Structure formats: C-alpha cells, structure tokens
Amino acid sequence: MNARTESAHQALTRPGSMKETVLLRAHMYFFYSTMAMLVSYLPLYFADRGFTPSQIGLIYASGPAVSIAGNLLTGLASDKYRTIKKLLVLLFAGQLLMLIALQQVEAFGWVLAIMTVFYLFQTPVQPLSDSLALLSAAHTGRNYPSIRIYGSIGFAFSAFAIGLLLKEQGSGFTVTVILALVALSLCASFTLRDYQGEVRKMEFSGFFALIRKPSIVAFFAITLILSVAHRMYEGFLALTLREMGASQSLIGSAWLTSALSEIPVLYLLGKYGHKLKELPLLAVAAFMYALRYFLMSRLEDPSYVILLQLMHSVSFGIFFSTSLRYMTYLLPDEFRSSGQALYAVVWAGIAGVVSGTVGGYWFETFGPQWFFMTASLFAAAAGAGFIALHLTGRNR
C-alpha cells in the first residue's frame with residue numbers, strides 16, 4: 001500500500017468520515033438541483049412573461065457581471081478568514097430574499113435588478129462548494145468526482161421530474177420550486193464541516209504573485225474561450241428548442257440526458273483520471289464541445305437533441321472535473337478558495353457577460369444556426385490552445 005492509498009484508507013476509517021461525506025453529497029445534490037432549474041426552466045419562465053431573447057440574455061449577463069466581484073470577494077474572504085460554511089449560509093439566505101422579491105414584481109427593470117443581486121449571491125456558491133469538496137478529501141478519503149457525482153444526480157432528477165411538474169402546474173410555478181430548493185440548500189449548509197478552518201492562513205501577496213505566472217495566465221485565457229462557447233449553448237438551448245417546436249417534457253429530457261451522461265464519466269475519472277495528463281484530456285473535451293455545437297447548428301428535428309446531449313459526458317464531464325484537478329497542481333491549499341473564485345470569474349462571470357450580451361444579440365440577429373456555429377469555432381480554438389499549452393511544457 002503506497003502513502004497516498006494508506007492516507008485515503010485512514011481517512012475513510014476515521015470516525016465521522018461517512019457522515020461528512022453524506023452531508024457533502026446532500027449539499028451538492030440540492031445545489032445542482034437548483035442549478036437545473038436556473039438553466040433549464042428559468043429562461044422559459046421569463047419568455048412566458050413576454051421578455052425578448054435580448055432581454056433574457058441581458059438578465060443572464062448582468063448577474064455574471066456582478067458575480068465577478070462576488071466570486072473574488074467571497075474567495076478571498078474564505079481564504080483570509082478560513083471559513084466556507086459561514087459564507088455558504090449567508091449566500092443561500094441572500095438568494096431566498098431575492099427569490100421572494102422576484103415573486104412581487106412584474107416590470108423588466110425590477111426583474112433585472114433583482115436577478116442581478118440574486119446572482120451576486122448565487123454564483124459564488126459553486127466555487128466555494130468545489131473548494132470544500134477538494135479540501136474534504138484528506139478527511140473523508142473521497143475524491144472530488146465521488147462528491148460531485150451527486151450534483152449530477154440532483155441536476156438530472158430536477159431537469160426531468162420537476163419538468164413534468166411544471167408541465168402540469170405551468171411555468172408560473174418555476175420560482176416557487178427554485179425557492180424551495182434554495183431553502184433546502186440553506187438547511188443543508190448548516191450541517192457541513194468547515195474544512196477551510198484547518199488550512200493555514202493565506203498571504204495576499206503570495207496569491208497575486210502566483211496568478212501572474214505565464215502557465216496560469218495561459219490556462220485561464222484558454223478556459224475563457226471555451227467557457228464562452230459553453231455559456232452560449234447553455235443559455236440559449238431551451239429557447240432554441242422552444243422555437244423548433246419542442247415540448248416542455250422534451251426540453252426536460254434533454255437536460256436529464258446531459259446530467260445522467262456525466263455520472264459514468266465522473267466515476268471513471270474518480271478511479272483512473274489521476275493516471276492521465278490533464279491538458280490532453282482538456283483538449284479532447286474541447287474538441288468534443290466543438291463537434292457537439294457544430295451538429296447543433298445543423299439540427300432541424302428537436303428530438304435529435306437527446307443524442308447530442310449524450311456528448312455532454314465527454315465535453316463538460318471531462319472538462320470541469322479535469323480542470324479542477326489541474327487547479328490543485330497550480331495552486332496550494334491556502335489559496336484554494338481564491339483560486340476557485342478566480343476560475344469561477346472566468347468560467348461563469350466573464351464568459352456569462354460575453355455570452356449573454358453579445359450572444360443574445362448574435363442569436364436574435366443571425367439565428368440559431370450561426371449562433372451555434374460560432375460556439376463551435378470557439379471550442380475548437382480552445383482545444384488547439386490546450387494542445388499548444390501541453391506541447392510547450394506549461395503543464396504541472
């Protein structure tokens with residue numbers, strides 16, 4: 001038994017490790033269930049309220065724009081004060097207040113303002129949760145994919161089962177469902193263990209010096225290109241399928257398929273991923289994104305989108321887990337939350353602004369075909385970038 005295996009075995013047999021693992025998985029389940037609602041059905045909710053694609057794109061862009069500051073501030077605060085749990089409690093409470101306010105307004109201006117503040121509270125949750133899962137490994141013996149896989153299960157269940165519920169109740173019930181899921185997430189956050197408190201306190205000068213390294217700058221630049229493509233697809237898939245005549249259940253099934261397809265990939269990455277180099281894996285994921293979006297640009301029958309969603313396993317499934325694993329080599333534990341926050345700024349913040357504003361205009365002006373073709377070109381460029389980064393030796 002090598003040192004790494006022995007350490008994992010000791011963590012697994014430590015009293016309380018199983019309980020901590022279950023609570024972390026429950027947290028992931030509820031959070032990603034909420035994400036399924038935000039991605040799959042909230043755009044349709046706004047469309048049914050009479051908002052145009054440009055207005056919906058603006059809603060999805062304004063939130064990520066403000067989240068850039070939110071992610072950085074919460075990440076730095078987490079590392080400085082060595083707490084993740086308290087920040088999660090605060091963020092979920094803020095989300096609840098904004099969702100209650102959203103139910104009280106009708107005008108687009110008020111909706112835009114409330115959703116902007118909502119995303120200020122919502123977007124930092126994912127990087128903080130990822131940090132918590134990564135830091136928990138030494139205490140529970142469970143790696144990140146074995147925790148994150150329950151998020152995929154939650155996303156899949158919500159995308160399908162809640163889609164059926166909304167088909168019966170109508171899209172007006174969407175915000176109520178999201179509010180209930182956030183309330184469950186808030187309850188779950190009180191039960192989590194604060195692993196960040198066991199990491200040595202960060203020095204800001206060291207962090208800012210670290211993120212100026214050429215290898216880190218190059219990685220984030222390439223990630224941004226791929227993130228824009230991902231956000232373009234994610235933000236406008238439901239609207240595209242609606243325009244093609246897809247039913248609510250078909251849209252739900254599409255999101256269900258993509259979430260379920262992640263599960264076997266996350267399982268395999270958890271067992272064997274450490275044996276493979278990260279940058280070539282990221283290139284494979286990026287080229288799969290490119291192929292997937294190219295095929296989407298040629299799609300005429302919405303029922304075939306189910307087959308395309310199966311490609312989510314190799315594209316997003318490999319990319320997100322592998323990029324987080326690559327981050328553990330780029331950044332030490334005391335910078336974990338700040339590093340994840342910076343990653344979220346690129347992945348969700350800047351990419352969300354570009355895809356929501358420019359993407360919304362591009363979608364409305366040129367239509368879905370050229371919209372998804374553009375996303376495909378971005379993904380292909382990112383794949384080439386990861387290969388170049390690997391060949392120039394700027395990995396580990």
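Student: What should I know about the model and its numbering?
Tutor: This is a predicted model: local features need pLDDT of at least 70, side-chain atom pairs count only at pLDDT 80 or more, and totals for chains, interfaces and linings use all residues. Side-chain values use heavy atoms, leaving out hydrogens and water, and residues along each chain as its sequence is written are numbered from 1.

Student: Is Gly 245 buried or exposed?
Tutor: Buried means under 20% relative accessible area, exposed over 50%, and partly exposed in between (1.4 Å probe, protein chains only). Gly 245 has 60% relative accessibility, so it counts as exposed.

Student: What distance separates the C-alpha atoms of Gly 245 and Pro 302?
Tutor: Along the chain, Gly 245 and Pro 302 are 57 residues apart.

Student: What about Ser 261, buried or exposed?
Tutor: Ser 261 belongs to helix 12. Its relative accessibility is 9%, so Ser 261 counts as buried.

Student: Which residues does Ser 261 touch, leaving out those up to four places away in sequence?
Tutor: Contact means heavy atoms within 4.5 Å. With residues up to four places away not counted, Ser 261 touches Gln 309, Leu 310, His 312 and Ser 313.

Student: At what angle do helix 12 and helix 15 pack?
Tutor: Axes are lines fitted to C-alpha atoms, for helices over the stretch in contact, and angles run from 0 to 180 degrees between N-to-C directions. Helix 12 (residues 248-272) and helix 15 (residues 312-330) have axes 8 Å apart. The angle is about 50 degrees.

Student: What does that make helix 12 relative to helix 15?
Tutor: Under 35 degrees counts as roughly parallel, over 145 as roughly antiparallel, 65 to 115 as roughly perpendicular, and the rest as oblique. So helix 12 is, relative to helix 15, oblique.

Student: How many residues of this contact are nonpolar?
Tutor: Among those in the contact are Val 265 of helix 12 and Phe 316 of helix 15. Ala, Val, Leu, Ile, Met, Phe, Trp, Tyr, Cys and Pro count as nonpolar, Asp, Glu, Lys and Arg as charged, and the others, Gly among them, as polar. Alongside 7 polar and 1 charged, the nonpolar residues number 5.

Methods. Helices (H or I, at least four residues) and strands (E, at least two) are DSSP runs, numbered from the N terminus.
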